[in-house]
Amino acid sequence: IAVTVISPPNLPAARVDPSQLELAVLNLAINARDAMPGGGALTMEVRRETVQPGLWEGLKAGDYICVSVADTGVGMDAATLKRAIEPFFSTKGVGKGTGLGLSMAHGLAAQLGGSLTISSKIGVGTRVELWLPAAEQMPDDAEIVTGPAPRRASGTALLIDDEDLVRASTADMLAELGYRVAEAVSAEEALKLIDGGLEPDIVVTDHLMPGMTGTELAALLLERHSGIPVLIVSGYAEDEGIAPDLPRLTKPFRQAELAHAVAALRPS
């Protein structure tokens with residue numbers, strides 16, 4: 001796959017959390033890759049756009065940063081395109097994706113006052129555009145931080161998630177917080193690591209996974225290793241089955257939200 005990135009200089013900042021945007025773009029890029037099993041071209045472009053009053057239903061007039069991810073893959077028919085942003089809708093088959101990528105990207109844009117658009121044609125490819133409100137001024141570091149920053153962490157974090165992309169992104173966040181990160185793709189694999197001698201200081205686990213759920217894993221760890229704090233990560237629609245007394249972080253989440261959630265697991 002040939003990758004092209006188009007990013008003109010001197011673009012204004014967008015009003016978006018960097019970690020959430022990174023996860024959204026990674027999801028879109030992975031979708032594009034999967035749509036081109038025989039190879040192709042992936043073009044990622046960032047540009048400034050101005051929307052005039054009344055021009056676009058659901059999008060306020062103003063300046064936007066448009067992040068575009070386009071592929072030359074198999075494309076989608078009209079029926080698939082209509083359902084593309086539905087949570088858990090996927091054409092990849094069992095075990096090859098959650099169907100949350102486009103839904104999460106759409107939710108991110110919508111909560112910021114932006115939009116997500118998709119154009120696609122069978123045999124030609126797909127273009128997904130994230131429209132994000134442009135910031136009036138460049139933020140400085142002090143403006144980005146919301147609330148006091150937790151102390152720098154130390155120790156080992158055991159991270160469990162069956163989605164490679166999400167796990168990699170969360171692992172990067174934990175490493176930036178100061179943790180050594182051990183990764184597992186399932187609760188069963190995590191238990192094997194612990195039984196094999198791994199001594200994590202915290203456990204961060206997805207809730208809904210093939211086999212044992214994150215909540216079931218937390219119950220087992222409480223029974224066998226009562227001193228290990230566990231943070232459950234789940235989507236807004238995944239409440240069922242989570243014990244109310246378990247610490248929980250809703251995805252998609254910002255780096256600062258993860259930092260405060262894991263800091264709360266190990267109060268000073």
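## Terms and model

Two strands pair if DSSP finds at least two bridges between them. Helices (H or I, at least four residues) and strands (E, at least two) are DSSP runs, numbered from the N terminus.

This is a predicted model, in which local features need pLDDT of at least 70 and side-chain atom pairs count only at pLDDT 80 or more, while totals for chains, interfaces and linings use all residues. Residues are numbered from 1 along each chain as its sequence is written, and side-chain values use heavy atoms, with hydrogens and water left out.

## The chain as a whole

The chain has eight helices and ten strands. Of its 268 residues, 43% count as buried; buried means under 20% relative accessible area, exposed over 50%, and partly exposed in between (1.4 Å probe, protein chains only). The accessible surface comes to about 14300 Å², and 55% of this belongs to carbon and sulfur atoms. Such areas come from the Shrake-Rupley method with a 1.4 Å probe, and for residues only the protein chains shown count as cover.

A contact means heavy atoms within 4.5 Å. Among contacts in the chain with a separation of 6 or more, 66% are between residues 24 or more positions apart. P18, in helix 1 (residues 18–34), and Q255 are 237 residues apart in sequence, yet their C-alpha atoms are 8.5 Å apart in space. P18 is exposed, because its relative accessible area is 55%.

Strand 9 (residues 230–235) has six of its six residues buried, so it is largely enclosed by the rest of the structure. One side carries V230, I232 and S234, the other L231, V233 and G235, and both faces are covered.

Strand 8 (residues 202–206) pairs with strand 9 in the parallel sense over four bridges; V203 has V230 of strand 9 as its bridge partner. Together with helix 7 (residues 214–224), strands 8 and 9 make a right-handed β-α-β unit. Right-handed means that, with the strands pointing away from the viewer, the path from the first strand over the helix to the second runs clockwise.

Strand 9 is also joined by four bridges to strand 10 (residues 248–251), and these two run parallel. I232 stands opposite R248, and S234 has T250 as its bridge partner. In strand 10, L249 and K251 form a covered face, whereas R248 and T250 form an uncovered one.

## Salt bridges

The whole structure holds six salt bridges, each a side-chain nitrogen of Lys or Arg within 4 Å of a carboxyl oxygen of Asp or Glu. One of them joins E129 and R47 (3.0 Å, N to O). This pair links distant parts of the chain, with E129 in strand 5 (residues 125–133) and R47 in strand 2 (residues 41–51), 82 residues apart.

Another salt bridge joins D164 and R167 (3.1 Å, N to O). These residues are three apart in helix 5 (residues 164–177), so about one helical turn separates them. R167 is buried, because its relative accessible area is 11%.

D34 and R33 also meet in a salt bridge (2.9 Å, N to O). D34 counts as partly exposed at 34% relative accessibility, and R33 counts as partly exposed at 44%.

## A nonpolar patch

I1, V3 and V5 make a nonpolar surface patch of about 290 Å². Patches are made of residues with over 30% relative accessible area and no salt bridge; like charges are joined within 9 Å, nonpolar side chains (Val, Leu, Ile, Met, Phe, Trp, Tyr) within 5 Å. V5 lies in strand 1 (residues 2–6) and is exposed, with a relative accessible area of 59%.
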